Amino acid sequence: MEEFKVQTAKHPVPNSSPMRPHSEHPKDHAAKRLSSTSNGTSDGGAGAKTPVEITALEESFRRFAIHGDTRATGKDMNGKNWSKLCKDCGVIDGKGITLTDVDIVFSKVKSKSARTITYSQFKEALEELARKRFKDKSSEDAAQEVYRMIEGKSPVIAGVTRAVASPTVSRLTDTTKFTGSHKERFDETGRGKGKAGRVEVVDASGYVSGYKHAGSYEKKVSKPPQKPM
């Protein structure tokens with residue numbers, strides 16, 4: 001019997017492998033990897049996680065990249081948002097750098113058939129503008145100046161356009177200045193009378209037009225009931 005046990009130990013059952021822990025299931029590992037990517041982390045050696053640091057400049061790049069586009073991932077930026085970034089962050093000063101310069105640099109750094117730029121191309125475009133904006137500084141110092149102008153910034157959302165009061169419009173909408181049949185369509189407070197202001201209502205009460213004491217005759221002739229003696 002002991003000899004049989006020894007032989008069994010030397011010859012394990014074919015096609016047998018140790019059970020994989022539940023945490024190491026392929027699907028769980030894929031979900032874990034995607035979660036790490038979205039959280040800015042990556043798997044390091046010996047099962048450790050190495051956080052991926054995102055600079056303030058890259059964070060601003062992502063904010064502007066997804067602005068106005070629900071399908072954007074933040075990894076690339078289109079020309080419209082690139083121009084908005086340069087405008088909102090003050091890179092465009094109207095003298096050294098104009099909107100035309102921004103568009104030219106965007107077309108220069110992007111790929112030939114692409115419509116967007118990556119983060120590396122974004123930095124390349126900023127360095128191109130920095131040399132033109134700060135001509136009295138070195139390339140590195142000029143680039144740092146432009147970086148500081150963008151770091152921590154977010155897209156500026158314009159407010160709702162307000163209607164400007166016009167004297168002509170005010171005069172046309174002032175019901176106190178209406179004349180003729182238009183005047184009859186509104187009461188003293190400027191509120192419309194509805195159908196009564198559009199259709200002539202025939203007065204069938206029997207009183208002449210403009211009589212102000214309608215219904216007072218019945219009150220005068222009616223006598224209070226006499227009390228029994």
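Predicted model: local features only at pLDDT ≥ 70, side-chain atom pairs only at ≥ 80, totals over all residues.
Tutor: Residues are numbered from 1 along each chain as its sequence is written, and side-chain values use heavy atoms, with hydrogens and water left out.

Student: OK. What makes up the protein, in helices and strands?

Tutor: Ten helices and four strands. Helices (H or I, at least four residues) and strands (E, at least two) are DSSP runs, numbered from the N terminus. The order is α-α-β-β-α-β-α-α-β-α-α-α-α-α.

Student: How do you know that the span of α6 agrees with its 15 residues?

Tutor: The expected span of a helix is 1.5 Å times one less than its number of residues. For the 15 residues of α6 that should be 21 Å, and the end C-alpha atoms are 21 Å apart, so the two agree.

Student: Which residues of α6 are called buried?

Tutor: Y119, Q121, F122, A125, L126, L129 and A130. The label buried means under 20% relative accessible area, exposed is over 50%, and partly exposed is in between (1.4 Å probe, protein chains only). The cover over those α6 residues includes α3, α4, α5, β4 (116-118) and α7. Across the protein, buried residues make up 17% of the 229 residues.

Student: What does F122 touch?

Tutor: Leaving out residues up to four places away in sequence, F122 touches L57, F61, W82, L85, I117 and I150. A contact is heavy atoms within 4.5 Å.

Student: And what is the largest nonpolar core?

Tutor: A set of 29 residues, in which W82, V91, F122 and I150 have the most contacts. The elements giving two or more residues to this core are α3 (56-65), α4 (79-88), α5 (99-109), α6 (119-133) and α7 (139-150). A nonpolar core is a set of buried Ala, Val, Leu, Ile, Met, Phe, Trp, Tyr and Cys residues joined through side-chain atoms within 4.5 Å.

Student: Why is the pair E128 and K108 called a salt bridge?

Tutor: The rule wants a side-chain nitrogen of Lys or Arg within 4 Å of a carboxyl oxygen of Asp or Glu. E128 and K108 come in at 3.1 Å, N to O, so they pass. E128 lies in helix α6 and K108 in helix α5, so the pair ties together parts that are 20 residues apart in sequence.

Student: Why is K108 exposed but E128 partly exposed?

Tutor: K108 has 57% relative accessibility, so it counts as exposed. E128, at 27%, counts as partly exposed.

Student: What joins K108, E128 and R131 into one network?

Tutor: R131 also forms a salt bridge with E128, with the closest N and O atoms 2.6 Å apart. Salt bridges that share partners then join K108, E128 and R131 into one network. The structure holds nine salt bridges.

Student: How far apart are R63 and E59?

Tutor: Their side chains meet in a salt bridge at 3.8 Å, N to O, and both residues lie in helix α3, four residues apart, about one turn of the helix. An α-helix has 3.6 residues a turn, so residues three or four places apart point the same way.

Student: Last one: why does Y207 count as partly exposed?

Tutor: Y207 has 31% relative accessibility, so partly exposed is its label. Y207 sits in the loop between α9 (195-198) and α10 (216-221).
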